[in-house]
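Subject: Structure for your review

Dear colleague,

Please find below the sequence and the structure that I am handing over to you. My findings follow directly after it, arranged by topic.

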Amino acid sequence: MQRITLLCVGKLKEKFYIEAAAEYLKRLSRFCKLDLVELPEERLPDSPSPAQIEAALSKEAEAIRGKLPPSSSLVALCVEGRMRSSEELAQLMAAWSHRGEKQLVFLIGGSHGLHSSIKAEAWAQLSMSPMTFPHHLARVMLLEQIYRAYQINAGTRYHK
């Protein structure tokens, strides 16, 4: 069974996000061993300077590196990433599976995104949309897309 980690900066607080994420985690349990890891977002003042944001992102990047499983392939969700269709994500996941890698890690940053160094270390960079979404909603959307990718690769009727 494939191993996937969803590594998120920030914790879900709203009940509706928690329930939606839990539903997709349950559905995914048939296809993979998925671990959800939440890291705290660095606290910043109300109007942080660029230097304060950079320092916070750097600290978060170190915490992220500390949670990356050995021999994992990292997929960073970021605005600079490539937008992919659901079919392309399914192909990406199938290609990863055929590489024989032990673990795939999807990374969602906090409200200020991800440090450039962690994005540079990623096997792939993925963008969900040119629109801006709350990172909590992005988690639910990503879980649904991972589920959809497994459904596409399995040839089911879920994906239309």
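The largest cavity has a lining made up of Glu 41, Glu 42, Leu 44, Ala 56, Leu 57, Glu 60, Gly 110, Ser 111, His 112 and Gly 113. Please bear in mind that this is a predicted model. The space in the largest cavity amounts to about 30 Å³, and the structure holds 1 cavity of 30 Å³ or more. By type, the lining of the largest cavity consists of 3 nonpolar, 4 polar and 3 charged residues.

The volume of the largest pocket is about 500 Å³. Its lining comprises 23 residues, and those nearest the centre of the pocket are Leu 77, Cys 78, Val 79, Gly 113 and Phe 133. Gly 113 is also named in the lining of the largest cavity. At least two residues of the lining of the largest pocket come from each of S3, S5 and H5, and S3 gives the most, with 4 residues. Sorted by type, the lining of the largest pocket has 12 nonpolar, 9 polar and 2 charged residues.

The second largest pocket holds about 230 Å³ of space. Its lining is formed by Gly 10, Lys 11, Lys 13, Leu 39, Pro 40, Glu 41, Glu 42, Arg 43, His 135 and His 136. Among these residues, Glu 41 and Glu 42 also line the largest cavity. The lining of the second largest pocket divides into 2 nonpolar, 3 polar and 5 charged residues.

I turn now to the nonpolar cores. The largest one contains 30 residues, and within it Ile 4, Met 93 and Phe 106 have the most contacts. Eight elements each contribute at least two residues to this core: strand S1 (2-9), H1, strand S2 (32-39), strand S3 (72-83), helix H3 (86-99), strand S4 (103-108), strand S5 (124-127) and H5. H5 provides the largest share of this core, 7 residues. Another core lies apart from it and has 12 residues, including Ile 64, Leu 74, Leu 107 and Ala 122.

Met 93 deserves a separate word. When its neighbours within four places in sequence are left aside, Met 93 is in contact with Gln 2, Ile 4, Leu 104, Phe 106, Ile 146, Ala 149 and Tyr 150. Two of these partners, Ile 4 and Phe 106, are themselves named with Met 93 as having the most contacts inside the largest core.

The aromatic rings are the next topic. A pair of aromatic rings is described by two values, the distance of the centres and the angle of the planes. The search of the whole structure finds 4 aromatic pairs. One of them joins Phe 16 and Tyr 17, with 4.4 Å from centre to centre and 45° between the planes, and this pair is tilted. Are the two residues of this pair buried or exposed? Phe 16 is exposed, at a relative accessible area of 52%, whereas Tyr 17 is buried, at 12%.

A further pair is formed by Tyr 24 and Tyr 147; the ring centres are 6.2 Å apart and the planes stand at 55°, so this pair is tilted. Which parts of the chain does it link? Tyr 24 belongs to helix H1 (residues 15-28) and Tyr 147 to helix H5 (residues 135-154), so the pair links distant parts of the chain, 123 residues apart. Tyr 24 counts as buried because its relative accessibility is 15%, and Tyr 147 counts as buried because its value is 7%; the cut-off for buried is under 20%. Ring pairs also join Tyr 24, Phe 31, Tyr 147 and Tyr 150 into a cluster.

Finally, two single residues may interest you. Ser 71 has a phi near 55°, a positive value in a residue other than glycine. Ser 71 is located in the loop between helix H2 (50-67) and S3, and counts as partly exposed at 47% relative accessibility. Gln 91 is placed in helix H3 and is exposed, with a relative accessible area of 55%. Between the C-alpha atoms of Gln 91 and Pro 134 there are 26 Å, and these residues are 43 apart along the chain.

Yours sincerely,
A colleague

How values were computed
Residues are numbered from 1 along each chain as its sequence is written. This is a predicted model: local features need pLDDT of at least 70, side-chain atom pairs count only at pLDDT 80 or more; totals for chains, interfaces and linings use all residues. Side-chain values use heavy atoms; hydrogens and water are left out. Rings of Phe, Tyr and Trp (its six-membered ring) pair if their centres lie within 6.5 Å; planes under 30 degrees apart count as stacked, over 60 as edge-to-face and the rest as tilted. Buried means under 20% relative accessible area, exposed over 50%, partly exposed in between (1.4 Å probe, protein chains only). A nonpolar core is a set of buried Ala, Val, Leu, Ile, Met, Phe, Trp, Tyr and Cys residues joined through side-chain atoms within 4.5 Å. Contact means heavy atoms within 4.5 Å. On a 1 Å grid over the protein atoms alone, a cavity is a set of points where a 1.4 Å probe fits but cannot get out, and a pocket is an open set with protein on both sides within 12 Å along at least five of seven lines; lining residues have an atom within 4 Å of a point. Grid points are joined across faces, edges and corners, and a volume is the space filled by probe spheres set on the points. Ala, Val, Leu, Ile, Met, Phe, Trp, Tyr, Cys and Pro count as nonpolar, Asp, Glu, Lys and Arg as charged, and the others, Gly among them, as polar.
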